Amino acid sequence: MSKKVLVLGEAREGALRNVSFEAIAAAKTIAGGGEVVGVLCGDAVQSLGEELIHYGADRVITVEHPHLKQYTSDGFSQAFMAVYEQEKPEAIVFGHTALGKDLSPKIASKLDSGLISDVTAIEGEGDDAVFIRPIYSGKAFEKVENKEGLLFITVRPNNIAPLSQDAGRTGDVSSVSVDITNLRTIISEVVRKSTEGVDLSEAKVVVAGGRGVKSAEGFEPLQELANLLGGAVGASRGACDADYCDYSLQIGQTGKVVTPDLYIAVGISGAIQHMAGMSNSKVIVAINKDPEANIFKVADYGIVGDLFEVLPLLIDEVKELKK
Ligand code: FAD
């Protein structure tokens, strides 16, 4: 049976996040030839609708309201539920982002549905789709099927490839008017920490430092390497606890989950809690002076050596290759 699938797109600072396109690709697989409808909530999102269509949505519904300028679970759940009631889909896809993780259980409980969260891959399609998700902090994967009722999944960023952009694709972008009321919180201003360069959770290359980096200054070469590779800097909790960097860079069970094409772990031992946030990276390179370090168990390439000697050589080599 083909399905109508609602996909919540996410925008930040006026631009759609990549995970929106990945969610559309997942929705296409689930739809089995059915309709994929993008949903955008915000105060000025109408102009972003077409881009979702270029990435595979058949049509897009926007909900615009001043109270949707910043995310609140009350505001977004009212907006999304209004679209749900209008469309009555058979399936829903969100990104497994901070927003998606907050909103999806609330919507699932309103709809009395199950929720298959943190999907990293889909086998089969349509009614035969099987969803793969990590369990036990990434130590194992389980396969989950939805046997009946509404199918609701969240997809982990950077795991499901988006469809190629087709600027010639057309579709309807309409709006639904919703009176957003009874908000328990109103966010009047968001002050962002100034961060350099690429967004860590969507970066294709992550250079992460641990306690072995030994100081905040020790992170400077990591930033240089990340810049050269077009990537972002991350960190272990050990490095954050030691005040070498900000907690917003923490990767792991209690930090961000990243799945870049290339993860370079520098002076990180490879504790289970750290690996929960990076072990699904496509290629892992570890630099550690201890040949027994746990990180080498998940590394595709290991460099046993002093990071203060290895990193400058690596940076010089990358500079040479870029000439
Ligand atoms: P260490 O374990 O101290 O390792 C430092 C490494 O650097 C060592 O392997 C050492 O050989 C190497 N090294 C030292 N000097 C050099 C050098 N000159 N050259 C090369 N290598 C060198 N941790 C996370 O990262 N993320 C989480 O989200 C997280 N959540 C947690 C949640 C809970 C409930 C708990 C209990 C812990 C959590 N932790 C988390 C902490 C985790 O258990 C580890 O303590 C932490 O990951 C260790 O950080 P590290 O690898 O940087 O430090």
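Which side chain does a polar contact of 2.7 Å join to that of Asp246? The partner is Ser248. A polar contact is a pair of N or O atoms within 3.5 Å; within protein, one must be able to donate a hydrogen and the other to accept it, and residues adjacent in sequence count only if both atoms are side-chain atoms.

## Basis

This is a predicted model: local features need pLDDT of at least 70, side-chain atom pairs count only at pLDDT 80 or more, and totals for chains, interfaces and linings use all residues. Residues are numbered from 1 along each chain as its sequence is written, and side-chain values use heavy atoms, with hydrogens and water left out.

## Around Asp246

Asp246 sits in the loop between α6 (237–241) and β15 (262–266). Helices (H or I, at least four residues) and strands (E, at least two) are DSSP runs, numbered from the N terminus. Asp246 is partly exposed, at 31% relative accessibility. Buried means under 20% relative accessible area, exposed over 50%, and partly exposed in between (1.4 Å probe, protein chains only).

Leaving out residues up to four places away in sequence, Asp246 touches Lys193 and Cys240. Contact here means heavy atoms within 4.5 Å. Ala235 is eleven residues from Asp246 along the chain, and their C-alpha atoms are 8.6 Å apart.

## Nonpolar cores

The largest nonpolar core has 31 residues, and Val93 and Ile153 touch the most other members. Such a core is a set of buried Ala, Val, Leu, Ile, Met, Phe, Trp, Tyr and Cys residues joined through side-chain atoms within 4.5 Å. Elements that each supply at least two residues include β1 (5–8), α1 (18–31), β6 (91–95) and β11 (151–155). Helix α1 gives the largest share, eight residues.

Not counting residues up to four places away in sequence, Ile153 touches Ile30, Ile92, Val93, Phe94, Ile116, Val119, Ile122 and Phe131. A second, separate core has 27 residues, among them Leu8, Ile107, Ile180 and Leu183.

## Salt bridges

The model has 21 salt bridges. Each is a side-chain nitrogen of Lys or Arg within 4 Å of a carboxyl oxygen of Asp or Glu. Arg156 pairs with Asp118, with the closest N and O atoms 2.8 Å apart. Arg156 is in the loop between β11 and β12 (172–175) and Asp118 is in strand β7, so the bridge ties together parts 38 residues apart in sequence. Arg156 is buried at 7% relative accessible area. Asp118 is buried too, at 12%.

Glu123 and Lys143 form another bridge, at 3.2 Å from N to O. Glu123 belongs to strand β8 (residues 121–123) and Lys143 to strand β10 (residues 140–144), so this pair links parts 20 residues apart in sequence. Glu123 is partly exposed at 36%, and Lys143 is exposed at 56%. A network of salt bridges links Glu10, Arg12, Arg17, Asp199 and Glu202.

## Ligand site

There are 26 residues around the ligand; Arg211, Ser236, Thr254, Ser269 and Asn288 come nearest. A residue counts as near when one of its heavy atoms lies within 4 Å. The protein covers 76% of the 980 Å² of accessible area that the ligand has on its own. Accessible areas come from the Shrake-Rupley method with a 1.4 Å probe; for residues, only the protein chains shown count as cover.
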